[in-house]
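Open the model in your viewer and keep the selection tool at hand. The stops below go from single residues to the contact between chains.

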Number of protein chains: 2
Amino acid sequence: MAFWVSSSKVTLFLRGLSVLFLIASTILIITDDKGNFRYKDVSSYKYVVGTGVIGIAYNFLQIISFAIFRMLMNNDSDVYRLIEFYGDKAVSYILATGAAAGFGATKDLKKLQFLNADGKSGFFNIGYASALLLFLAFLCTAILSILSSYALPKKV
Amino acid sequence: MAFWVSSSKVTLFLRGLSVLFLIASTILIITDDKGNFRYKDVSSYKYVVGTGVIGIAYNFLQIISFAIFRMLMNNDSDVYRLIEFYGDKAVSYILATGAAAGFGATKDLKKLQFLNADGKSGFFNIGYASALLLFLAFLCTAILSILSSYALPKKV
């Protein structure tokens with residue numbers, strides 16, 4: 001029980017931190033606008049936004065369900081642990097792919113000279129910062145995924 | 001014990017399948033050559049190759065260590081399970097990022113007209129196929145990561 005309480009505080013902290021990183025990442029890339037060149041023009045950046053929104057929704061729902069079901073009702077069921085295990089695993093993979101697509105596209109598009117004319121290199125620098133924040137959120141969710149693996153009910 | 005034996009066969013099958021997908025992915029992208037335009041010209045494709053090689057090396061080492069330490073010596077220690085848990089987790093994240101970078105770069109570079117002149121679109125189609133094979137290897141490793149999470153020794 002002592003282990004569960006202390007790890008649940010760490011969990012809540014990491015979920016909060018993930019949400020903050022993801023909100024910052026999403027705002028940064030959505031507002032990234034350099035002379036008619038927006039995030040919607042780059043497929044990988046649209047994907048960065050999509051994964052960010054999924055990550056915010058998931059962690060937000062987990063924080064709310066934590067407050068309602070687990071803290072108030074003192075409910076720590078096996079079903080909840082399973083949902084958390086698969087949820088953390090799936091969302092951490094999704095965030096990893098979002099960050100990778102963001103980094104990859106930024107690196108390859110920055111190399112193309114004509115795209116960087118008239119101050120457009122600033123556009124890709126912000127894309128890079130957004131992918132970096134997404135990567136930090138991924139790190140938090142990957143730690144959450146390790147914690148929820150340890151909390152997994154044993155089958156054997 | 002019965003559970004361990006049956007799941008170890010599944011594990012071996014999934015590792016073998018991962019290695020096959022990864023070898024196919026790596027060969028495909030390394031031999032992708034359309035008129036002086038090679039995988040080395042695209043940073044994301046170099047990353048695809050890098051993650052493929054890491055995935056091959058890791059799964060190959062696991063298959064060998066499985067044959068030597070676990071089958072012959074009937075050794076299924078907690079330390080080995082921990083190594084497998086963190087190894088599968090790390091490598092599945094690495095493969096996910098490799099596939100995402102490959103897909104993202106392919107999609108965004110294909111959109112640029114001048115890169116697709118004189119038959120170069122075939123170059124990106126092969127890049128796409130290589131990323132798809134990497135994604136299939138990721139799926140196998142993600143299942144392995146779920147299995148090794150269930151096999152994790154309990155701490156509490």
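Buried means under 20% relative accessible area, exposed over 50%, and partly exposed in between, with a 1.4 Å probe and protein chains only. This is a predicted model, in which local features need pLDDT of at least 70, side-chain atom pairs count only at pLDDT 80 or more, and totals for chains, interfaces and linings use all residues. Residues are numbered from 1 along each chain as its sequence is written, chains are lettered from A and ligands numbered from 1 in the order in which they are written, and side-chain values use heavy atoms, with hydrogens and water left out.

Select B:Cys140. B:Cys140 counts as buried because its relative accessibility is 6%. Now select A:Cys140, which also has 6% relative accessibility and so counts as buried.

How many disulfides are there over all chains? A search of the whole structure finds zero, a disulfide being a pair of cysteine sulfur atoms within 2.5 Å.

Next, show the contact (heavy atoms within 4.5 Å). Chain A and chain B each bring 35 residues to it. About 3000 Å² is buried between the two chains, 65% of it from carbon and sulfur atoms; buried area is the accessible area (1.4 Å probe) that two parts lose on being put together, summed over both.

Now colour the side of chain B that touches chain A. Helices H2 (43–72), H3 (78–110) and H4 (121–150) of chain B each supply at least two of its residues; helices here are DSSP runs (H or I, at least four residues), numbered from the N terminus. H3(B) gives the most, with 15 residues.
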